[in-house]
Every structure is written in C-alpha cells, then in structure tokens.
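Subject: Handover of a structure and the findings on it

Dear colleague,

Please find below the structure that I am passing on to you. My notes on it follow directly after.

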Amino acid sequence: MRPNRRPLALHRRLPALNRHLLVLGALALLLSSFACRHGSSTEPGARTLFLVYSEPSSFPPPGDPGCTHHNAPAFLHAMTDWGGAGTLQPREGRVHSLLFDAPPPGEHWLQVFDYRFCATGCPIAVEGLSINSVQLRRVSPSGGASSCPVVWFSLGSHGSVSP
C-alpha cells in the first residue's frame, strides 16, 4: 500500500446487508452486556431501598429554639452508614419518602432528621420508619461522635430487609 493513500473504510467494503448485520450484532452484544451487569426485573435482590417516614400524629412540645433553628436546614434529611443521603419528599399527608441505592448485605443504620423532636434532646425520628414496606424498630446510640440514636436494619443477600 502506498504511504499517502488511505485504505477504504470497512463499511465501504461490506455490502449493505453485512453492514446491517454487523450493526445488529453489536447492538445485541451491547444489550446483553447491559442485562448481565444490571440483572433483570425478575431477578431476586433489591437494587434500591425505599425509605418511608410516617410522621406521628403529634410531636413533643417545642423545645430549645436554638436546636430548632440549627436543625431546620436538615429537616427530613436522611443519612446512612453506607453514605446514602438525601431529603425525604412529601408523598401524601404526613408521609415522606426517599429512594436509596442499596448497600451491600449486612447490618446498616440510618437517621432521619426532624427538628420537631428537638425537645427530646436529639432532632431524630426513630418511629414511623420503614424500608421496602418493612417497619424498622431497632434503635440504639450511633456509637460515633453523635449521641443521637440510629435505626438499625439488616439487608439480606437477595435484598430482603429485616428490622
């Protein structure tokens, strides 16, 4: 081949039918790769966790105005041990929700900040929380720098949630 002569592009060498087959084959390979990596909708195992917070019908009497002022920006903000975080969005009435990417299987905790609990000493909601329709009940201190409680749950290898 001469140095200043460019080779013909592959798509010009192949007849039109072969070009279409090549494109369809590449598309099928790409789609099968995507399906293997992300699983199917019928495959067991949750890829996401749906957190729901149902507010209580009443809250403790207002406490320290400084606590309320300080924690108002974090209103209905959720934090987790695996780094998932976000603000719960209103659904209906006194119900709020947030979708998280699922962490690896094991023991996990979360906190939902609600400044209306300032009178309790910690602006944290510990009741009315559920993940994937499973009510969470295990509450304990975080063990970290904060003395405020966290709500614990277990995530099974197939995405099942246990309180």
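R94 is partly exposed, with a relative accessible area of 39%; on this scale buried means under 20%, exposed over 50% and partly exposed in between, with a 1.4 Å probe and protein chains only. Its side chain meets that of E55 in a salt bridge, at 3.8 Å from N to O. The term salt bridge stands for a side-chain nitrogen of Lys or Arg within 4 Å of a carboxyl oxygen of Asp or Glu. E55 lies in the loop between β1 and α3 and R94 in the loop between β4 and β5, 39 residues apart. Helices (H or I, at least four residues) and strands (E, at least two) are DSSP runs, numbered from the N terminus.

Please note that this is a predicted model, in which local features need pLDDT of at least 70 and side-chain atom pairs count only at pLDDT 80 or more, while totals for chains, interfaces and linings use all residues. Residues are numbered from 1 along each chain as its sequence is written, and side-chain values use heavy atoms, with hydrogens and water left out.

E55 is buried, at 15% relative accessibility. Its side chain also forms a salt bridge with R116, at 3.0 Å from N to O. Because R116 lies in the loop between β6 and β7 and E55 in the loop between β1 and α3, this pair ties together parts that are 61 residues apart in sequence. R116 is partly exposed, with a relative accessible area of 22%, and forms a salt bridge with D114 as well, the closest N and O atoms being 2.8 Å apart. D114 counts as buried at 0% relative accessibility. Together, E55, R94, D114 and R116 are linked in a network of salt bridges. The count of salt bridges comes to four.

The aromatic rings come next. Rings of Phe, Tyr and Trp (its six-membered ring) pair if their centres lie within 6.5 Å; planes under 30 degrees apart count as stacked, over 60 as edge-to-face and the rest as tilted. By this rule there are four aromatic pairs. One of them, F75 with Y115, is tilted, at 4.9 Å centre to centre and 50° between the planes. F75 lies in the loop between α3 (65-71) and β2 (77-80) and Y115 in the loop between β6 (106-113) and β7 (124-125), so this pair ties together parts that are 40 residues apart in sequence. F75 is partly exposed at 27%, and Y115 is partly exposed at 26% relative accessibility. The rings of W82 and F153 have their centres 6.1 Å apart and their planes at 85°, so that pair is edge-to-face. W82 sits in the loop between β2 and β3 (85-87) and F153 in strand β11 (residues 149-155), 71 residues apart. W82 is partly exposed at 23%, whereas F153 is buried at 0%. Ring pairs link W82, F100 and F153 into a cluster.

As for the strands, five of them form an open sheet in the order β4-β5-β1-β8-β9, with antiparallel pairing; two strands pair if DSSP finds at least two bridges between them. The edge strands are β4 (89-92) and β9, each pairing on one side only. Seven bridges join β1 (residues 48-54) to β5 (residues 95-101), and S54 has V95 in β5 as its bridge partner.

Finally, most residues other than glycine have a negative phi. N132, in the loop between β8 (129-131) and β9 (134-135), has a positive phi near 50°. S133 lies in the loop between β8 and β9 and has a positive phi of about 70°. S133 is exposed at 73% relative accessibility.

With kind regards
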